[in-house]
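Hi,

Here is the structure I promised to pass on. Have a look, and my notes follow below.

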Amino acid sequence: MNATMIRLKQGTQEWLDWRRNGITATEASCCMGVSKWGTALSVYNDKLDPKEHTPSEYEEWGTLLEDTIKFKKFGKEHPEFEVVQGECYEREWRKCSLDGELRKDGKTVAILEIKTGSDESAWDPVPQYYYAQVQWQMHVTGINRAYFAVLIHGHHYLERVVEYDPIYCQKLEEVCARVWECICK
């Protein structure tokens, strides 16, 4: 089943409303039980009674620096790719919003996920909550590779690459489907 691209400006009310009608990549991490920001129960509760989210300092700075990291740093380091703004995708209730997409010959070949943080050692390997997030993004979109571009302490840059894991994604699908079924009931 192919994903549908949804043209929405991320961060808008329309985008937030779209996200509420499905399981997103961030929520998939919660449903899987590997997020430090939420659980399957918090996803369930938020879908039934949405609360306004106040971004943390990391989220705020990550958003402010996203285009700089994406286009000026990652793009400069990887001239083999055309780096473009990420789109939103869905397959029924499965949803994801990409930070960036990496193209070759006009075709998207990888996902680009931008992060900020304070601990380089936390990225060996990629933290489980971010691993689940990009696995969900790959599961939804059908793209088989994801790059992380990470800014540590506002000045140290690192990258990680994650390949699609079909066994992990099958488990993600099962767990998220159960949560979504409970939400719909």
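The second largest pocket holds about 260 Å³ of space. A pocket here is an open set of points on a 1 Å grid over the protein atoms alone, where a 1.4 Å probe fits, with protein on both sides within 12 Å along at least five of seven lines; lining residues have an atom within 4 Å of a point. The volume is the space filled by probe spheres set on the points, which are joined across faces, edges and corners. Of the 16 lining residues, K107, T108, T141, G142 and I143 lie nearest the pocket's centre.

Before you read on: this is a predicted model, where local features need pLDDT of at least 70 and side-chain atom pairs pLDDT 80 or more, while totals for chains, interfaces and linings use all residues. Residues are numbered from 1 along each chain as its sequence is written, and side-chain values use heavy atoms, without hydrogens and water.

D124 and P125 are joined by a cis peptide bond, with omega about 0°. P125 sits in the loop between β6 and α5 (helices are DSSP runs of H or I, at least four residues, and strands runs of E, at least two, numbered from the N terminus).

E92 isn't a glycine, yet has a positive phi of about 55°. You'll find E92 in the loop between β3 and β4 (94–97), exposed at 51% relative accessible area (exposed means over 50%, buried under 20%, partly exposed in between, with a 1.4 Å probe and protein chains only). H153 also has a positive phi, near 55°; this residue is in the loop between β7 and β8 and is exposed at 54%.

Cheers
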